[in-house]
Amino acid sequence: MAAHKLIKAIQTELAQWENQELATTLYQYLVQQHFAGKLSAQQVTSLCHTFHLTANQLALQLLPIAACYATTPISQFNVGAIAHGISGAFYFGANQEFCQVAMQQTIHAEQSAISHAWINNESSISAVTVNYTPCGHCRQFMNELNSAEHLFIHLPHSQNNRLQQYLPDSFGPKDLNIRECLFDPHNNHLQIDTSDALAQHALLAANRSHAPYSQSYCGVAILLKDETILTGRYAENAAFNPSLPALQVALNVVRLSGYQEQDIVKVAMVEAAAQMQQKTNAEQLLQAINPTVELRYYVASNAN
């Protein structure tokens, strides 16, 4: 169930909107989906039609709501983002911070929104709307997308700018002769020797993870108290450091789905045998956010 703090933040923000009919309709949508931070293509179309908004105008209006999903105990600085799925759906994102672990474990708002769309099986995104100009880290992360050359960045003070305007003379997959980009469909052909249901969900995530540079494929599955299973997959970047680990992707989905870390019951990780491993950092992060949960770890082999 959605955290009371999240609901209160959304209610407070919506109470300030000039168009209270729009605020009420949006709130009803969020209640119906237990405050999951996304809007279906049908909901986006309906809101735009009913309230005479373009998709870009609606996304800009939604930024403060997306920012309500931020968890910022360190910076106290909330950033909201909206990823525009090629299907027409909107996926909220917000910066996510974790105490008692390295700064590198944090998730930027753009990464949050983009990975949210990816884990919901969008095949591409057309734009990212964000309430602050993307930092260099996020510009590099977005350059990994299969839509990077055509991706629009919309800001409150400046819309319809291409990513390449923010990242001139960029370095990306093509510079390393990699044709497979983030969001491209693929199967990594991993297998594990267990029939455990949670592990099998983690395996599916690992097989869809994006790691063309290191082949360090990794997937995570999280079981929640209400029996919901949410997953995350590794999203690697040509510049390495902007890469987003599988557990962070999964925890991001947990928070954007209206849950809290205290709702986590079990966590399974499936990882390919490779020179780079995520197990240790994942254990540290899991210990910091919910020390009662142990990481169930499986090393996968190649099925080919």
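**Close-up views of a predicted model**

**View 1. Glu97 sits in the loop between E3 and H5.** (Helices, H or I with at least four residues, and strands, E with at least two, are DSSP runs numbered from the N terminus.) This is a predicted model, where local features need pLDDT of at least 70, side-chain atom pairs count only at pLDDT 80 or more, and totals for chains, interfaces and linings use all residues. Residues are numbered from 1 along each chain as its sequence is written, and side-chain values use heavy atoms, leaving out hydrogens and water. Is Glu97 buried or exposed? Glu97 is buried, at 10% relative accessible area (buried is under 20%, exposed over 50%, partly exposed in between, with a 1.4 Å probe and protein chains only). Beyond neighbours within four places in sequence, its contacts (heavy atoms within 4.5 Å) include Thr71, Pro73 and Arg255.

**View 2. Gln96 lies in the loop between strand E3 (90-94) and helix H5 (109-119).** Gln96 is buried too, with a relative accessible area of 0%. Setting aside neighbours within four places in sequence, Gln96 touches Tyr69, Ala70, Asn252 and Arg255, among others.

**View 3. Five strands form an open sheet in the order E7-E11-E10-E8-E9, with mixed pairing.** Strands E7 (190-191) and E9 (229-233) are at the edges with a single partner strand each, so one side of each has no neighbour in the sheet. (Two strands pair if DSSP finds at least two bridges between them.) Further in, E10 (residues 264-272) and E11 (residues 295-302) pair in the parallel sense over six bridges. Look for Val267, whose bridge partner in E11 is Leu295.
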